[in-house]
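Reader: Hi, I have a model open and some quick things to ask. Can we go through it together?
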Amino acid sequence: MLGVAVGDLRSRPVGFQQAVALRVSAEDVPDLGLAGDLEVRGTATNLGEDGVRVDLQVEAVLLRECARCLRDVELPIDTEAEETFHDSGDEPLITLDTIDLEPVIHEAVVLAEPMRVLCSPDCRGLCPKCGKDWNEGPCDCTDDEPDPRLAALAKLLPPREE
Ligand SMILES: [Zn+2]
Ligand SMILES: [Zn+2]
């Protein structure tokens, strides 16, 4: 729960805004895998009968693993999020007093995260045979044992002229 009190905002005229500023530590949202604090800034707007809308800017540094060499990668994200919170229930109507920004922040981070993380665009990755990090240099098993699938393919191609 990353709660923001909006009770005072709800007593103001429709369209009234209040600032939202939160600093969330990595330990408070362990499932996001943050390298440091996450910062949220923005506004909450009183929409009257329609509830409260928040417009947020979410900044964080994610700690991920390179898809090729498995090194730690720090991935900065800076993204926007918007959500409307409604009053709930019919009778008695439960008026919003506190809104929980955790799901909004969670979704914003997931959407901003790239599908595939690389430590650098030309990361060479790990040797599938011995596990050596090819970014640190070649290993002994790269040349002498060609991939069997490539060897089969080579037979289908005309001999190379050198
Ligand atoms: Zn890598
Ligand atoms: Zn190797």
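Reader: Which residues does phenylalanine 85 touch, not counting residues up to four places away in sequence?
Author: Phenylalanine 85 touches Gly51, Val52, Leu96 and Ile99. Contact means C-beta atoms, placed from the backbone, within 7 Å. Note that this is a predicted model: local features need pLDDT of at least 70, side-chain atom pairs count only at pLDDT 80 or more, and totals for chains, interfaces and linings use all residues. Residues are numbered from 1 along each chain as its sequence is written, with chains lettered from A and ligands numbered from 1 in the order in which they are written.
Reader: Is phenylalanine 85 buried or exposed?
Author: Buried, because 20 other C-beta atoms lie within 10 Å. Buried takes 20 or more such atoms within 10 Å, exposed 12 or fewer, and partly exposed is in between.
Reader: Where is phenylalanine 85 found?
Author: In strand 5. Strands (E, at least two residues) and helices (H or I, at least four) are DSSP runs, numbered from the N terminus.
Reader: New topic. Which residues of helix 2 are buried?
Author: Ile105, Ala108 and Val109. Down the helix 2 axis, the buried residues fall within an arc of 95°, so they line one face. That arc is of the directions from the helix axis to the C-beta atoms.
Reader: And which are exposed on the other side of helix 2?
Author: Pro103, Val110 and Leu111 are exposed there.
Reader: What covers the buried residues of helix 2?
Author: The cover includes strand 3, strand 4 and strand 5.

Notes:
Contact = placed C-beta atoms within 7 Å.
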